[in-house]
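Please walk me through this protein model.

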Amino acid sequence: MKQISRKMRRTILAWCGLLAVCMVLVLLVISGRLWFNMPSRSRYPVRGVDVSHYQGTIDWETIAAQDMTFAFIKATEGSGTVDECFASNWENARKAGIYAGAYHFFSFDSGGDTQAENFIATVPFAEDAMPPVIDLEYYRSHDLPATETVQENLRIMLDALTRYYGKTPIIYTTNQCYEEYLKDTDMEYILWIRSVFTPPSSALEPAWSFWQYNPRGLLEGYEGDEQFIDLNAYCGTMEDFTKQFGTPAAAPKGE
């Protein structure tokens, strides 16, 4: 058998080494210990999390101590579901000095009016809270209502939340849902965009205020079925943040 040349041997070893490095990087990403879409801390210094019952019991003092300024907390879903951990998360996040906002998982199967009623019945009015949030994303790929129907229900819910809380709501969405339901409409909302592989597009209109950049974050301070936590960045400085959302949403610690 013809012997492998020294040059070929070096090439094989180099490729094996590259493959090993790639495998290690993939494992680090899967484990949540490495993420490839990390926004600059100097450019985006204001960070936060979004959570639901999947994170279980949360020590909000510990979360706040890891430079987390804000938290979006799941409150409701559709016309009748309430997140079992919302009340405790809402109270304790605010006590820890975190800007707290509540979010609603939008259902394609319910009217905008009944979804708004569910949210309003669950989330207390608080002048120092973040604006209410509607989470608009695909949770199935078939039997979706017409685009116009979804937009109409969104408008109904946006109007109801704006009237009750006195603040322009935030919409969390993916690039696909943005293109389908929000682009080129006259709806009034603050944009929170999910973009986990690249920075958000500069073509977004309105410009984004919040960016979910990592759905596999790892922080100390929670114990639940889900080991990961979503990480987000605000587009601006802390001064910009307080100008847009007011004074800290914290009730005094120890209350």
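What follows moves from the overall fold to particular residues.

This is a predicted model, in which local features need pLDDT of at least 70, side-chain atom pairs count only at pLDDT 80 or more, and totals for chains, interfaces and linings use all residues. Residues are numbered from 1 along each chain as its sequence is written, and side-chain values use heavy atoms, with hydrogens and water left out.

Begin with the fold. The chain has seven helices and eleven strands. Helices (H or I, at least four residues) and strands (E, at least two) are DSSP runs, numbered from the N terminus. The chain holds 255 residues, and 47% of them count as buried. Buried means under 20% relative accessible area, exposed over 50%, and partly exposed in between, with a 1.4 Å probe and protein chains only.

Now the contacts, meaning heavy atoms within 4.5 Å. Take those between residues at least 6 apart in sequence: 68% join residues at least 24 apart. The accessible surface comes to about 13,500 Å². Carbon and sulfur atoms account for 54% of that surface. These areas come from the Shrake-Rupley method with a 1.4 Å probe; for residues, only the protein chains shown count as cover.

Next, the aromatic rings. Rings of Phe, Tyr and Trp (its six-membered ring) pair if their centres lie within 6.5 Å; planes under 30 degrees apart count as stacked, over 60 as edge-to-face and the rest as tilted. The count comes to 27 aromatic pairs. One of them is stacked: F70 and F241 sit 5.9 Å centre to centre, with 20 degrees between the planes. This pair links distant parts of the chain, 171 residues apart. F70 lies in strand β3 (residues 70-77), and F241 in helix α7 (residues 238-245). Both F70 and F241 are buried.

F119 and Y165 make an edge-to-face pair, 5.7 Å centre to centre and 80 degrees between the planes. This pair also links distant parts of the chain: F119 is in helix α4 (residues 112-122), Y165 in helix α5, 46 residues apart. F119 counts as buried because its relative accessibility is 1%. Y165 counts as buried because its value is 8%.

Ring pairs also build a cluster, linking F70, F72, Y99, Y172, W192, F210, Y234, F241 and F245.

Finally, the threonine. T147 lies in helix α5 (residues 147-165). Is T147 buried or exposed? T147 counts as buried, because its relative accessibility is 18%. Leaving aside neighbours within four places in sequence, T147 is in contact with E180 and Y181.
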